[in-house]
Amino acid sequence: GDVDLNDLTTLLNAPLSADGLRIRIETPTGVVEGDQLTILGELLANFGTTSSAAQRRRPQLRVIARRRATLTAPQRKRVRLRLTRAGRRLARSYERKRIRVLLRLKVTYRPASGAAVQRRTFRKPMRLRVVKPKRRP
């Protein structure tokens, strides 16, 4: 049947912190034992906000966290999407409690039978809590 993003990932209700975001990934039902899934998880944030309506243009999405993981069916893993340089800068300077991001998963499916490799991309907009580290006196 059809596979969607909810079959692959579970958000662990973890906030976006200085060391990234944690998600749980698993092989969906129907994947035969021995088949391999390579998942590239990315968080994207919009850096294209402008103050003037005359300067509006397409959103500039930048990757703020990324991680690659490989699963062999039947398997599940907890994965931490580590922040990139742009993500660390954003987490340091972000003033609000929540941030709007886009979770993008690029999945490569390699059947053990040697059949053709399949690739799909899943996107899910979401809002994450931002947790800042405590300042030391």
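Modeller: Helices (H or I, at least four residues) and strands (E, at least two) are DSSP runs, numbered from the N terminus. With that convention, Arg89 is placed in helix α2. Please keep in mind that this is a predicted model.

Biologist: How many helices and strands does the chain have?

Modeller: The chain has 2 helices and 7 strands. Read from the N terminus on, the order of the elements is α-β-β-β-β-β-α-β-β.

Biologist: And what percentage of the residues counts as buried?

Modeller: The chain has 137 residues, of which 36% count as buried.

Biologist: Back to Arg89. Which residues gather with Arg89 in the patch of positive charge?

Modeller: The patch on the surface brings Arg89 together with Arg62, Arg85, Arg88 and Arg92. Helix α2, which spans residues 85–93, supplies the largest share of this patch, 4 residues.

Biologist: Let us move to ion pairs. How many salt bridges does the structure hold?

Modeller: There are 3 salt bridges in the structure. One of them joins Arg76 and Glu26, with 3.4 Å between the closest N and O atoms. Arg76 belongs to strand β5 (residues 76–83) and Glu26 to strand β2 (residues 21–26), so this pair ties together parts that are 50 residues apart in sequence.

Biologist: Is Arg76 buried or exposed?

Modeller: Arg76 is exposed, since its relative accessible area is 52% and the exposed class begins over 50%.

Biologist: What about Glu42? Which side chain meets Glu42 in a salt bridge at 3.2 Å?

Modeller: That partner is Arg66, and the 3.2 Å is an N to O distance. This pair also links distant parts of the chain: Glu42 sits in strand β3 (residues 36–46), Arg66 sits in strand β4 (residues 61–72), and they are 24 residues apart. The side chains of Glu42 and Arg66 are also listed as a polar contact of 3.2 Å.

Biologist: And which residue forms a salt bridge with Glu42 at 2.5 Å?

Modeller: Arg104 does, with its closest N and O atoms 2.5 Å from those of Glu42 as a pair. Here Glu42 in strand β3 is linked to Arg104 in strand β6 (residues 98–110), 62 residues apart. A polar contact of 2.5 Å likewise joins the side chains of Arg104 and Glu42.

Biologist: What do Glu42, Arg66 and Arg104 make up when taken as a group?

Modeller: These residues are linked in a network of salt bridges. Glu42 takes part in the pair with Arg66 and also in the pair with Arg104.

Biologist: Why does Glu42 count as buried?

Modeller: Glu42 counts as buried because its relative accessibility is 3%, and buried means under 20%.

Biologist: How many residues apart in sequence are Leu37 and Thr72?

Modeller: Leu37 and Thr72 are 35 residues apart in sequence, whereas their C-alpha atoms are 6.3 Å apart in space.

Biologist: Which strand holds Val79?

Modeller: Val79 is in strand β5, and Arg76 lies in strand β5 as well. With a relative accessibility of 8%, Val79 counts as buried, whereas Arg76 is exposed.

Biologist: What is the C-alpha to C-alpha distance of Val79 and Arg24?

Modeller: Val79 and Arg24 are 6.0 Å apart in space by that distance, and 55 residues apart in sequence.

Note on methods
Residues are numbered from 1 along each chain as its sequence is written. This is a predicted model: local features need pLDDT of at least 70, side-chain atom pairs count only at pLDDT 80 or more; totals for chains, interfaces and linings use all residues. Side-chain values use heavy atoms; hydrogens and water are left out. Patches are made of residues with over 30% relative accessible area and no salt bridge: like charges are joined within 9 Å, nonpolar side chains (Val, Leu, Ile, Met, Phe, Trp, Tyr) within 5 Å. Accessible areas come from the Shrake-Rupley method with a 1.4 Å probe; for residues, only the protein chains shown count as cover. A salt bridge is a side-chain nitrogen of Lys or Arg within 4 Å of a carboxyl oxygen of Asp or Glu. Lys and Arg count as positive and Asp and Glu as negative; His and the chain ends are not counted. The place of a charge is taken as NZ of Lys, CZ of Arg, CG of Asp or CD of Glu. Buried means under 20% relative accessible area, exposed over 50%, partly exposed in between (1.4 Å probe, protein chains only). A polar contact is a pair of N or O atoms within 3.5 Å; within protein, one must be able to donate a hydrogen and the other to accept it, and residues adjacent in sequence count only if both atoms are side-chain atoms.
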